[in-house]
Amino acid sequence: ASESNLIRVTLFPGDGIGPEIAESVKQVFKAADVPVEWEEHYVGKEVDPRTQSFLTWESLESVRRNKVGLKGPMATPIGKGHRSLNLTLRKELNLYANVRPCYSLPGYKTKHDDVDLITIRENTEGEYSGLEHQVVRGVVESLKIITRHASLRVAEYAFHYANAHGRERVSAIHKANIMQKTDGLFLKCCREVAEKYPEIKYEEVVIDNCCMMLVKNPSLFDVLVMPNLYGDIISDLCAGLIGGLGLTPSCNIGEGGIALAEAVHGSAPDIAGQNKANPTALLLSGVSMLRHLDLHDKADKIQNAVLNTIAEGKYRTGDLGGKSTTTDFTKAICDHL
Ligand code: NAD
C-alpha cells in the first residue's frame, strides 16, 4: 500500500507483556500487508493533570482523531491522586459497549468444541457507576444506575452487530424478576430495539439459568447483550469455555464511531520480558479492529494464520502447553501467511 492509502490507528503497547505482544501484532500485520500506520502512545510515568491519570492527553486525542485503536494491557499504578487507566479511557472516550467474540479454536481441545458466542456488555453504568457510601456504621449502600439512554445505546449496538454479522439471535440477559425496575428498564429498551429487527430472533434469559445453559451447552446461544456487572462475569465464563486468557480478544465501542480493541488479559508481570507471552488475544483483537475497518480480507487472512498455527500444534506458547517463545510463535504465524 502506498503511504497515502494507509489508515492511521492508535496503538497503546501498554505495560508488562504488552510491548512484546504488540511487537508480534506489528510483525504479523506487516507480513499480511495490512494498510495501517501505527501511531504509538505509551502510558506516561507521571499523572497528566489534563486526564488526572497516567494516560497522556495526546494519547486520548490520538484515539479521538483516528477513531480506531488497539490497546495492550495496562498495569494499574498503585497510589492515590489519579484515576484508573481503564476507567479514564472508558469515561473520556465514552466506550459504551464491550464486545467479546468467543469461539472454539480448532485443534485446541476443551470441553466443548462448538462455542461460537458474542457477548456484548454495557460498559458505563449499572453496579459500576462508582456510587457507594456508608449509610450508618455497619451499613453500606451501592447504587445501580440503569438509564434508558445507555440501555437503548447498547441494545442498538447488539442488534446492529447481529445484523451486520449474519447472526440469528440476540439474548438479553437479566434478573428482572428481582431487579424489577433496573433490569426491567433494560429489557424494555431491548424489546423496543428488537421490534426494529424482525428478522433477528429475540429472547430474554435470566442470568442464573444462562450460566447453567452456557456451561452445559454453549451452542444454545448466539449474541448475548447485558448490563455491566453481568457482562463482566458472563464474558469471563465464556473465555473459560475456549481455553483461557491468552486467547480472548475484545473491542470497546465508543460514541462517534470510536473502536478500541484490546486483549482481555492483564500485563502478566510474572512472565513479562521473558518472551513467553501468547500474543493470540491481542492478534485476534487486531482482527476485530480490522473488521471494524471493513478490511475483512486481511482480517480473515490473519485469523486463519493464527488459528492454523495453533491447530498445527508445532508452535504453541506455554499457556497452551507448548514450549515456543513469543517470537517463534509469531514467526510461525507469519510463515502461514
Ligand atoms: P493477568 O491477566 O495479567 O495475568 C493472570 C495470569 O494469566 C498470569 O499467570 C499470566 O501470566 C497469565 N497470562 C495473561 N495473559 C497472558 C498471555 N497473553 N500469555 C500467557 N499468559 C498470560 O492478571 P493479573 O496478574 O491479575 O494483573 C496484572 C496487571 O494487569 C494488574 O496491574 C492489573 O490491574 C492489570 N490488568 C489490566 C487489564 C487491562 O489493561 N485491560 C486487565 C486485567 C488486568
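**Notes on strands, helices and the ligand shell**

1. S171 stands opposite L224 in strand 10, where strands are DSSP runs of E with at least two residues and helices are DSSP runs of H or I with at least four residues, both numbered from the N terminus. Strand 8 (residues 169-174) and strand 10 (residues 223-226) run parallel and are joined by 3 bridges; two strands pair if DSSP finds at least two bridges between them.

2. On provenance, this is a predicted model, in which local features need pLDDT of at least 70 and side-chain atom pairs count only at pLDDT 80 or more, whereas totals for chains, interfaces and linings use all residues. Residues are numbered from 1 along each chain as its sequence is written.

3. The open sheet is formed by 10 strands in the order 2-1-3-12-11-4-5-10-8-9, with mixed pairing. Its edge strands are strand 2 (36-40) and strand 9 (201-206), each of which pairs on one side only. From one strand to the next the twist averages 25°.

4. A separate point concerns strand 6 (residues 132-136) and strand 7 (residues 139-142), which run antiparallel and are joined by 4 bridges. Within this pair, Q134 stands opposite V140 in strand 7. The hairpin of strand 6 and strand 7 has 2 residues between the strands, and G138 takes a positive phi near 90° there.

5. Helix 4 (residues 148-164) lies across strand 4 (95-103), strand 5 (116-122), strand 8, strand 10 and strand 11 (249-254), and runs at about 160° to strand 5. Helix 6 (residues 207-216) lies across strand 8 and strand 9, running at about 105° to strand 9. Axes here are lines fitted to C-alpha atoms, for helices over the stretch in contact, and angles run from 0 to 180 degrees between N-to-C directions.

6. The axes of helix 6 and helix 7 (residues 228-242) come within 11 Å and cross at roughly 10°, and the two helices are therefore roughly parallel to each other (angles under 35 degrees count as roughly parallel, over 145 as roughly antiparallel, 65 to 115 as roughly perpendicular and the rest as oblique). I207, C210, C211 and L214 in helix 6 meet Y230, I234, L237 and C238 in helix 7, contact being defined by C-beta atoms, placed from the backbone, that lie within 7 Å. By class, this contact has 8 nonpolar, no polar and no charged residues, where Ala, Val, Leu, Ile, Met, Phe, Trp, Tyr, Cys and Pro count as nonpolar, Asp, Glu, Lys and Arg as charged, and the others, Gly among them, as polar.

7. Helix 1 (residues 18-31) and helix 8 (residues 280-292) pack with their axes 9 Å apart and at an angle of about 50°, which makes helix 1 oblique to helix 8. On the helix 1 side I21, A22, S24, V25, V28 and F29 take part, meeting L282, L283 and G286 in helix 8. The residues of this contact divide into 7 nonpolar, 2 polar and no charged.

8. Helix 9 (residues 296-312) and helix 10 (residues 326-336) have axes that come within 8 Å and cross at roughly 120°, so helix 9 is oblique to helix 10. The contact is made by A305, V306, N308 and T309 of helix 9 together with F329, A332, I333 and H336 of helix 10, and its residues divide into 5 nonpolar, 3 polar and no charged.

9. Which residues are the closest to the ligand? They are T76, H265, G266, A268 and N278, out of 20 residues that surround the ligand, a residue being near a molecule if its C-beta atom, placed from the backbone, lies within 6 Å of it. The shell around the ligand has 10 nonpolar, 7 polar and 3 charged residues.

Key. Contact = placed C-beta atoms within 7 Å.
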